[in-house]
Amino acid sequence: MWAGPLCTWLLAQLGASVVSVESDARPDGMRAPHGGGIYPGGILEPGVNDRSAMFISLAAGKERANLDLRVKDDREAFALACAQADLRVDSLSRRARENLGIDDQSESGHGPAIVHLPAFSRGPSRDWVAYGTQVHAMSGLAWPAGSDEPIPAATAYVDGLGGIAAALASVVALYSAAQQPQAPILTASLMDAVDALPADRDHGALLRADPVPRVAELAEAHKARAVELPVAGVSLRHPASPFVSA
């Protein structure tokens, strides 16, 4: 819903020229007055009830391309635009990308650096679609040790963390693309963005908002999940990396 728009908003704030692909046939879900994706009466009235504060904020600094990727001509225009871009970010599932005919490379074999932002990124749930509140529950954060009842997410904070993770992955992808001939394809997922947080659930520092988080304990727990990420021919070791190579 808003992890992808947050990612590209962050890039726009850093000076990137961002073009948001959105179809009038299926408008952005955040256009609803309260950003909840549900229009009053089920009808979107352009210019009347399609300007939520959240949409306006995250659309700032971006251009808009009205393209319906189900239409052949629009899909060809999209492919041409991607061939001239440095980076493509999407928050579509693999199934949706295949249905829309979105390829990871152009016909020439070259294309932009790519960052995929699905809800999950590995295991049997790799291609599932979910919202941040669902990831909050499935990651284990809803059940801290010693709690008899699950703790619901007060807001979809997971989407925010996922958007930040995707922005970090975008910077890495752009840097890597400038150093090597083959543009990289990275996956940043909502599940990966919160994967390190359950390590603290037994202590509950993050869930209880303790004034002094147990940073040392968190760092120790994260060492076990350090990953090796090749960037520009160099293998970098990153503890608790929020993104993984596709």
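# Buried spots and a helix pair

Biologist: Why does E22 count as buried?

Modeller: E22 has 7% relative accessibility. Buried means under 20% relative accessible area, exposed over 50%, and partly exposed in between (1.4 Å probe, protein chains only). At 7%, E22 therefore counts as buried. Before you ask, this is a predicted model, where local features need pLDDT of at least 70 and side-chain atom pairs count only at pLDDT 80 or more, while totals for chains, interfaces and linings use all residues. Residues are numbered from 1 along each chain as its sequence is written, and side-chain values use heavy atoms, with hydrogens and water left out.

Biologist: Where is E22 found, and what does E22 touch?

Modeller: E22 is found in strand β1; helices (H or I, at least four residues) and strands (E, at least two) are DSSP runs, numbered from the N terminus. Not counting residues up to four places away in sequence, E22 touches P27, D28, R31, F55, R64, A65, N66 and L67. Contact here means heavy atoms within 4.5 Å.

Biologist: What about A83: why is A83 called partly exposed?

Modeller: The relative accessible area of A83 is 46%, so A83 counts as partly exposed. A83 is found in helix α3 (residues 72-83). The C-alpha atoms of A83 and G111, 28 residues apart along the chain, are separated by 5.4 Å.

Biologist: How do you know that P184 is buried, and where is P184 found?

Modeller: P184 has a relative accessible area of 13%, so it counts as buried. Its place is the loop between α6 and β5 (185-188). Leaving aside neighbours within four places in sequence, P184 is in contact with A113, I114, A173, S176 and A177. From I114, 70 residues apart along the chain, the C-alpha separation is 6.5 Å.

Biologist: And what makes A165 buried?

Modeller: Its relative accessibility is 2%, so A165 counts as buried.

Biologist: On to cysteines: why do C7 and C82 count as buried?

Modeller: C7 is at 0% relative accessibility, so C7 counts as buried. C82 is at 11%, so C82 counts as buried too.

Biologist: How many disulfides does the structure hold?

Modeller: The structure holds 0 disulfides. A disulfide is a pair of cysteine sulfur atoms within 2.5 Å.

Biologist: What makes helix α1 largely enclosed by the rest of the structure?

Modeller: In α1 (residues 3-13), 8 of the 11 residues are buried, so this helix is largely enclosed. The buried ones are A3, G4, P5, L6, C7, T8, L11 and A12. They pack against β1 (18-22), α2 (53-59), β2 (62-66), β3 (87-90), α6 (157-179) and α7 (190-194). After α1 comes G15, with a positive phi near 110°.

Biologist: Why are α1 and α6 called oblique?

Modeller: Their packing angle is about 45°, with the axes 7 Å apart. Axes are lines fitted to C-alpha atoms, for helices over the stretch in contact, and angles run from 0 to 180 degrees between N-to-C directions. Angles under 35 degrees count as roughly parallel, over 145 as roughly antiparallel, 65 to 115 as roughly perpendicular and the rest as oblique. α1 and α6 are therefore oblique to each other.

Biologist: Which residues of α1 and α6 meet?

Modeller: From α1, A3, L6, C7, L10 and L11 meet D159, G160, G162, G163, I164, A166, A167 and S170 of α6. By class, that contact has 8 nonpolar, 4 polar and 1 charged residues. Ala, Val, Leu, Ile, Met, Phe, Trp, Tyr, Cys and Pro count as nonpolar, Asp, Glu, Lys and Arg as charged, and the others, Gly among them, as polar.

Biologist: How many helices and strands does the protein chain have, and what share of its residues counts as buried?

Modeller: The chain has 9 helices and 8 strands, and 37% of its 246 residues count as buried.
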